[in-house]
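Please have the sequence and the model open while I speak.

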Amino acid sequence: MNFDKIVKRVKKQFGTDVAVREDERSVFLSGECDNWADIVAIGKMFVTEGKHVVNDIALKGYLCKPERLPQLQDDALDGGDWDVVIIGGGISGCAVARELTRYKLRILLVEKHSDVARGASGANNGMVHAGIDLKRPCLKLKYGVAGNAIYGDVCRELGVDFRRSGQYVIFDSKLIRFLAKGTVKRATKHGIPGVRIIGKKEIAEAEPRVKDFAVGALYAPSTGYVSPYQLTIAYAENAVQNGATVSLDTAVVGMETADGKVTLVKTNRGTVSARCVVNCAGVFADKVAEMAGDRYFSIHPRRGTDLMLDPKAEGTPVQTISMGPTLKSVSKFGSGSTKGGGVIRTADGNYLLGPDAVEIPDREDTSTNSQSFDNVFGKHSQVCPTLRRGDVIAYFSGVRAPTYEEDFIIERSAKVSNLVHVAGIQSPGITAAPAFAKDVAGIVADYLVSVGIAVLPNENFDPIRPRPVRTRELDDESRDKLIKQDPDFGKIVCRCEQISLGEIKRAVNNPLGVATVDGVKRRVRAGMGRCQGGFCMPIVADVIAREKGVDITEVTKDDGGSNIVIGRIKEVRQ
Amino acid sequence: MKYDVAVIGGGPAGLAAAIKANNEGASVLLIEREARLGGILKQCIHDGFGVVRFGQKLSGPEYADRFIQELRRTNVQVSLLSFVTRTVKRDEGYDITYVSAQGVNTVHCGKIVLATGCRERTRNAIGIHGDRCAGIYTAGAAQNLVNILGAMPGKKVVILGSGDIGLIMARRLTLEGAKVEGVYEAKPTPGGLTRNIHQCLKDFDIPLHLSATVTRVFGSTRLEAVEISDVDERMRPIAGTQRIVECDCLVLAVGLIPENELARDLGVELDPATKGAIVDQNCQTMTEGIYACGNALHVNDLVDYVSESGEIAGAAASHGGKRKLKPITPQGKLLYVVPQRLDVNAPIDNVVMYFRVSCELADQRLTVTAGDETVFTKVYSKLLPPEMERIAVNFDKAHTLDDFTIRLEDK
């Protein structure tokens, strides 16, 4: 294809000289530019049907921070021989691991952080999308719709809360409401169930907060809500229950290939051999592909910030609501503006406001800033004007991992035959994962069979991962009975979320062996309430130390090095 | 089980309330969620407690122990490690359900005294941005780590907020060998008591930076540095004033908020100024039979006053009668006044009132009126926001028991 026209347009628009090269799979860009947003915009201009974009345009003067790697160095994994090595413990990797345990295979999942769900899977709003925003058939739509349909079943098996309570896109003009008929038609064509337009009266009844300005809404009943990190944890735990190995604090630092195959995977905990490698590395998926000599797409990190509201704030809505297009933005209708964002009632009954989308050069920069905070609050509180800034009790950022084509890549590599890519997984990744994980497991199994490896069903596979006990949800009688069995369930440690010592001890002794303060928080919500751990954090740290038989000085917040305390008193010297 | 009075919270307010209610003849249940009585005093090992009440400078545990010893001589039933999960209004009194290591228990009580203390504002409440690393703690959490668990939260420390806990922790961490780089305060005046500025900072050469705040934190695993910015009079950061201070620990002493989860569940009307319940002079809330005291009512500066309001609540809860409530309207430069109502059916000859101002004021006159009569007046040469003021007013002499005001104005 001739890219001269685009190159000229780039020069005119951005003043940047781009060199273009292409092969059968990708368009490769190189050059230099002094603005990151421009680099991303330029990359998008080269997206063409059937090809990926590899964007190597460098940001002038930018010194990329080194990737965060575990402090741990040992040889715990060295010499291991695995049928499948999965790289990355986000929702994709953990779901794929679990689906693969349906077969009798030796499965290793490596995750560089000290827990799973530490990337985008742990820092999104947990919306299980209906798929109403997707315009054209693509993998996002295929797996999004399929994933949404099986979500209830998957969450039941894995003991994770899921609430299918729908979403409302609010319209403040009749014209927009009329135009939304096109979206309903498209949604129906795409197999999204029950999408319809509701009128003024119905929306006012469903959500009184919008009654002053809403003339109607687009209602998608299949939209649901899940705790994305709890689902990821549940997938990982079920995988372990069924025989997979999850190795945390384990980063892939290199690979060896021979005859168009990955032969060895090198980590900070030793080198392992693998029959098949699955790349679920999120924002690093292109880097992992590169390690295997198979770089044909680029990930451009896109940060989103969400604000968490005090669940007891007075101005919160009943439903998940977002503002639909206004007359001004009508031309953009359906271009993504109606997706996800808004005021979201999460699976835990909290409220999230957000997210935004900011292109950033650093893949691991999950820091928050006041600009994003202001943007998110300003934009998403419009639909619910009763919300106050003071209602925000926490905020966080996650970094999405889109490709320039903005679609998932779920395929076995054309160049490295035993490498399967699960890349470009961004929204609706949480929704889609249960569906694509099954397909990925199929791709892996088919490949292994094709090279003569027997892939037998795992007769001991148990799809059920028991739901953790939550004492506050129990009726008095059951709670009393449980406490009589184990008095620790009667000792409340986290007062905001009412989490008992018994629950915390169970969380500390989880199947993945994660014994960190944030690990406990992700599992049982201790420290997630309005005091944000002010009261319970020292107690949780102390429980971890006692349960694991270590000194409190060894207890970390999260990854290695994030120790809660630096030593004992009477020991510090200036 | 049935009790006349259930006191929720076994800190200084709850201890005083339980003892007083018992001594007034009521049967009392004291419910405490932790394993030991004393509340936050357990970790306040510094001195300065009890100057008003005992004329002595006690440590927190010593102060609490005086009440705990006294409690032992009463018939108060104490339930430790007990967490109230539900309160339900009955025709007469309330049912309280709580969980403990023994199971789930429901008791009936005539009156409830809420002595649930306060909680700290967090990093998120004041909009600090940046990385999510270890080493950022509220002052209370840091104090717990040091004084209860014997562990050091850091060795190069920045403290944000010059409230008393911030100042106390600056000294405490210094005594344990840490280097406190400085105490930063967004307001133009210190948030803590003057005596603490001297005893905790000046005596240890710890710098206090006013009108400056932490605007960003840096660190991939543990805190590595913070960004400090000067702020304008509306406490907004001033661009271009940012500087980086290296540290491995940030201690936040950025304010306390009365803990009112249970009050909310009970539908108790709250005062937006105090964030605690609206009460009459007997600490009874606008919900009949529910009393509030101590830091759950409003954040006190001295524990002595916490105990005092506990005693008022405990005494009143063991008696009580039909109320006739009249508002006390604050006027002028008052941040808040407690009580907000006067029960003119109850004794009004010695009404204890507490108030605070929001900024430093000189040469002020405080006047309490009933109708157009002045029933109390006092001149203050200086009023400081950190220092709560207490007055005792005799309304008995007033001819009309209505139109109560409390006014602060230039002398």
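This is a predicted model: local features need pLDDT of at least 70, side-chain atom pairs count only at pLDDT 80 or more; totals for chains, interfaces and linings use all residues.

Let me start in chain B, where Leu81 sits in the loop that runs between strand S5 (77–79) and strand S6 (83–89). What draws my attention to B:Leu81 is its positive phi, about 45°, in a residue that is not a glycine. Is B:Leu81 buried, exposed or partly exposed? Its relative accessibility is 25%, and therefore B:Leu81 counts as partly exposed.

Staying with the backbone, I turn to the cis peptide bonds. In chain A, the bond that leads from A:Gly354 to A:Pro355 is cis, with an omega near -5°, and A:Pro355 belongs to the loop between strand S19 (351–354) and strand S20 (358–359) of that chain. In chain B, B:Val338 and B:Pro339 are also joined by a cis peptide bond, for which omega is about 5°; B:Pro339 lies in the loop that separates strand S23 (334–338) from strand S24 (341–343) of chain B.

Which residues touch the most other members of the largest nonpolar core? That core has 57 residues, and the ones in question are B:Val7, B:Ile96, B:Ile112 and B:Val113. The element that gives the most to this core is helix H1 (residues 12–23) of chain B, which contributes 7 residues. If we set aside the neighbours within four places in sequence, B:Val113 is in contact with several residues, among them B:Val5, B:Val7, B:Ala17, B:Tyr291 and B:Ala317. There is also a second, separate core, made up of 53 residues and including A:Tyr143, A:Val226, A:Ala244 and A:Val514.

Finally, the domains of chain A. The chain is divided into domain 1 (4–59), domain 2 (79–162 + 222–299 + 401–455), domain 3 (167–221 + 301–400) and domain 4 (471–554). Taken over C-alpha atoms, the centres of domain 1 and domain 4 of chain A are separated by 51 Å.

Methods: Residues are numbered from 1 along each chain as its sequence is written. Chains are lettered from A and ligands numbered from 1 in the order in which they are written. Side-chain values use heavy atoms; hydrogens and water are left out. Domain bounds come from an automatic or database domain assignment. A nonpolar core is a set of buried Ala, Val, Leu, Ile, Met, Phe, Trp, Tyr and Cys residues joined through side-chain atoms within 4.5 Å. Buried means under 20% relative accessible area, exposed over 50%, partly exposed in between (1.4 Å probe, protein chains only). Helices (H or I, at least four residues) and strands (E, at least two) are DSSP runs, numbered from the N terminus. Contact means heavy atoms within 4.5 Å.
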